Amino acid sequence: MKIESVTIRRMSMTMKNPFTTSFGTIHQRDFLLATVQDELGNEGWGESVAFTYPWYSEETTETCIHMLRDFLIPAVLGKTIEHPDEVNEFFAPIRKNNMAKSTIEGAVWDLYAKRHDMSLAEALGGERDHIEVGISIGIEERVEDLLANVKGFIDEGYKRIKVKIKPGQDVEVIRAIRNEFPDVPLMADANSAYTLDDAEVLKELDQFNLMMIEQPLASDDIIDHAKLQRQMSTPICLDESIHSLEDTRKAVELGSCRIINIKIGRVGGLTEAKKIHDYCAAKGIDVWCGGMLESGIGRAHNVALTTLPNFTLPGDTAGSSRYWDQDIIKPEVVAENGYITVPNEAGIGYKTDIEAIDQFTVDKWVFR
Ligand code: OSB
Ligand code: MG
């Protein structure tokens, strides 16, 4: 298939539930959509998961626009591609900028699946017709509010509860949740808010039977995580530290984690995500699919990826209604009792709602 054109839209969508991490609160999702078109008029869609501000990684919506316009789109435009794995090769001379890369790569995967009349899940080698999902709950100032949120999501049937922690809002917060909900599958995500100096506090979390603690230490570290893992019984899960299969191999060899959160954008696309999945399967390391407050398009890619067999733990891909009054796909992603049914239509399996997309588009560029 030949890449005849690429369209980039800058989107702005207001979140119905603002999300607070150790860095601050996100009210508005500012992201990009990429559409790639082949010579037969088929279209594939991808989403950039970078944020406006570089708190989670160094990428931002603006750096993605720059990388796409000046380097990544020129590298694929007019090219004939047999399989999406080739996109990685076109991008190989360009360092990092994984979220920008993944925007196009994901769109090419959707295009490829549509062209071959299969679902994206099938194209990836997925095996499940439904996936298990958990929920990620932001920081609340008042523990009562957090407990109410936890209860609400347990009642909705989500398969595990993840809460954000930060220094000063950690052990007592987790204790409060455990007291109220002794058996709920529970985990904590620190988004790199701690250092090894906090090991004593982190070790106190061992008493609460957490499924894992996600990214307690620095976003670019795997050495101190290995030291911490040796001192803790709770499995460490890495998120921010893992950008590639190579990062994964090094972290696993060092013993920096026992679980990996795979985010398609963070690792530069579905091809790399699949490689990490396969490596972890061979090493007995469980993986799950993280989230980046995606619209339905990014969400659909997450659902497809999660159908691979070693996604053994519930992911963060909640239903569309978690963040959106109105999503940009039809039907929306629905989580029922903690399960999402994987669509079997071609490509990402959900129709793009072009009216909704136009309504949330604030800028648009077409490259041919
Ligand atoms: O660390 O997993 C994270 C949201 C934004 C940035 C980073 C993270 C998160 C979440 C929420 O935890 C995931 C989601 O609900 O999409
Ligand atoms: Mg995380």
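Mentor: Domain bounds come from an automatic or database domain assignment. This is a predicted model, where local features need pLDDT of at least 70, side-chain atom pairs count only at pLDDT 80 or more, and totals for chains, interfaces and linings use all residues. Residues are numbered from 1 along each chain as its sequence is written, while chains are lettered from A and ligands numbered from 1 in the order in which they are written.

Trainee: What separates the centres of domain 1 and domain 2?

Mentor: Taken over C-alpha atoms, the centres lie 22 Å apart. Domain 1 covers 5–117 + 354–367, and domain 2 covers 122–351.

Trainee: Why is lysine 164 called buried?

Mentor: A residue is buried if 20 or more other C-beta atoms, placed from the backbone, lie within 10 Å of its own, exposed if 12 or fewer, and partly exposed in between. Lysine 164 has 24 such neighbours, so it counts as buried.

Trainee: And why is lysine 263 buried?

Mentor: Lysine 263 has 28 other C-beta atoms within 10 Å, so it is buried.

Trainee: What is lysine 263 in contact with?

Mentor: Contact asks that two C-beta atoms, placed from the backbone, lie within 7 Å. Leaving aside neighbours within four places in sequence, lysine 263 is in contact with Gly290 and Met292. Under that sequence limit, the contacts of lysine 164 include Asp189 and Asn191.

Trainee: Which residues are around ligand 1?

Mentor: A residue is near a molecule or strand if its C-beta atom, placed from the backbone, lies within 6 Å of it. Among those around ligand 1 are Asp189, Asn191, Gly290 and Met292.
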